[in-house]
Amino acid sequence: MAHPAHPAYPVGLRLAGRRVVVIGGGQVAQRRLPALVAAGADVLLISPSATPSVDAMAETGEIRWERRGYREGDLADAWYALVATQHREVNERASAEAERERVWCVRADDASAATAWTPATGRSEGVTVAVLTGNDPRRSAAVRDAVVEGLRDGSLAAPAHRRERTPGVALVGGGPGDPDLITVRGRRLLAEADVVIADRLGPRDLLDELPPHVEVIDAAKIPYGRFMAQEAINNALIEHARAGKAVVRLKGGDPYVFGRGMEELQALAEAGIPCTVVPGISSSISVPGAAGIPVTHRGVAHEFTVVSGHVAPDDPRSLVDWESLAKLKGTLVVLMGVDKIGAIAEALVRHGRPAGTPVAVVQEGTTAAQRRVDATLATVGATVLAQEVRPPAVIVIGDVVTVAAAPSSQ
């Protein structure tokens, strides 16, 4: 065991293709897994349960998940381990195995017993900043923030005074997924937060930058009992704000584009809680752009329409006039429509849109996992199934899809 007076030796691990074992599928794993995935690690999660966000990572194949408790030998052939269960005895046994096997191991419950520490990290224009200050995570985060902010504005100067915290709740649009696409204001408010209530589709890499004292709440896991899920989220926002906490509601894209931001703003207003709205870059425009598709183009499309596809055209709950949309000549952008795209395409063709109209489906746009699949209205339903396209994905319908040369899939 290293002497407590010895400083940690900083090093950058190149984990691409190398086995990393994470034990425990809770909030710590939720915050650390995205960075491991982004590093290309071959991640094995061992845990009887996991948060919805971690579960989603397993469903999409970003990590492998064995739904069980830790067993002796689980760290064999691992290069790096993160031990983060709620049971100290399990953590101690796994840590002891890591010591015997000479596997660098992070202990979420006891940094002094770990052989590796996770630094406060930040990224700016291809530069990764990692800061270690012993057992003072708040100072690590403050130094990290100063360096990253200096890189962004070109000064590399630390702030002259501590930032003033914004009271109440901030509804922050996090953008389409790439952490660099959040606004400067959104990132600043996130850095000042005491509590972050995050959606699964928010830019999850940003959660890895938060210091350990920040409470991160998975919105999908808030218990709602007799309340509807949205009402339970509203109540959680109000409860934490009334406790004097700086609260950030981190949403994907823009809060007001199919994000229920206004519902949350209205609930906070009724409760007398001040609220700041930070617009975000909507995936309806940014994801097509990242895939090389302009939603408008001179001589091709003079308008674009954004529509929710979560309700099928023949569903009586649908508020969309699909017949009118089919008559438009411009671009149609469909969000939340992967599982309904077959029915949507059929409705558009039935009401007059040519069956040969180009369609592009962009999965996980702006992230390292971005994938584009091309089709037509006649074939998109079958193509999405054959190519196993999964949400989140943005669907672009119209001649703008073929403005630039594009492969059928990538």
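My entries below go from the overall fold to single residues.

**Ground rules**

I am reading a predicted model, where local features need pLDDT of at least 70, side-chain atom pairs count only at pLDDT 80 or more, and totals for chains, interfaces and linings use all residues. I number residues from 1 along each chain as its sequence is written, and side-chain values use heavy atoms, with hydrogens and water left out.

**Overall fold**

I started with the secondary structure and found eleven helices and 17 strands in the protein chain. Here helices (H or I, at least four residues) and strands (E, at least two) are DSSP runs, numbered from the N terminus.

Next I looked up the extent of the C-alpha trace, which spans about 75 × 50 × 50 Å along its principal axes.

How much of the chain counts as buried? I noted 47% of the 410 residues. Buried means under 20% relative accessible area, exposed over 50%, and partly exposed in between (1.4 Å probe, protein chains only).

**Salt bridges**

I searched the whole structure and got 23 salt bridges, each being a side-chain nitrogen of Lys or Arg within 4 Å of a carboxyl oxygen of Asp or Glu. I wrote up three of these pairs.

Arg 64 and Asp 42 meet through their side chains at 3.3 Å, N to O. This pair links distant parts of the chain, with Arg 64 in strand β3 (residues 64-66) and Asp 42 in strand β2 (residues 42-46), 22 residues apart. Arg 64 is partly exposed at 37% relative accessible area, and Asp 42 is partly exposed as well, at 31%.

Asp 109 bridges to Arg 88, with the closest N and O atoms 3.6 Å apart. These two also link distant parts of the chain: Asp 109 sits in the loop between β5 (104-107) and β6 (120-124), Arg 88 in helix α3 (residues 88-101), and 21 residues separate them. Asp 109 has a relative accessible area of 33%, so it counts as partly exposed; Arg 88, at 42%, is partly exposed too.

Asp 374 and Arg 372 form a salt bridge at 2.6 Å, N to O. Is Arg 372 buried or exposed? It counts as buried, because its relative accessibility is 3%.

**Rings**

I looked for aromatic pairs and the whole structure gave zero.

Which residues lie over the face of a Trp ring? I noted Arg 18 over Trp 79, at 4.6 Å from the ring centre, and Arg 67 over Trp 65, at 3.7 Å from the ring centre. A charge sits over a ring if NZ of Lys or CZ of Arg is within 6 Å of the ring centre and within 35 degrees of the ring normal.

**Backbone**

I kept one background note here: most residues other than glycine have a negative phi, and most peptide bonds are trans.

The peptide bond from Pro 391 to Pro 392 is cis, with omega near 0°. Pro 392 is in the loop between α11 (380-386) and β17 (393-397).

Glu 388 belongs to the loop between α11 and β17 and has a positive phi of about 55°, although it is not a glycine. Glu 388 is exposed, at 58% relative accessibility.

Arg 260 has a positive phi too, near 60°, and lies in the loop between β11 (247-251) and α7 (261-270).

I ended at Asp 314, in the loop between β13 (304-308) and α9 (322-327). Asp 314 counts as exposed, with 69% relative accessibility. Its C-alpha atom is 9.1 Å from that of Ile 344, 30 residues apart along the chain.

Methods. Rings of Phe, Tyr and Trp (its six-membered ring) pair if their centres lie within 6.5 Å; planes under 30 degrees apart count as stacked, over 60 as edge-to-face and the rest as tilted.
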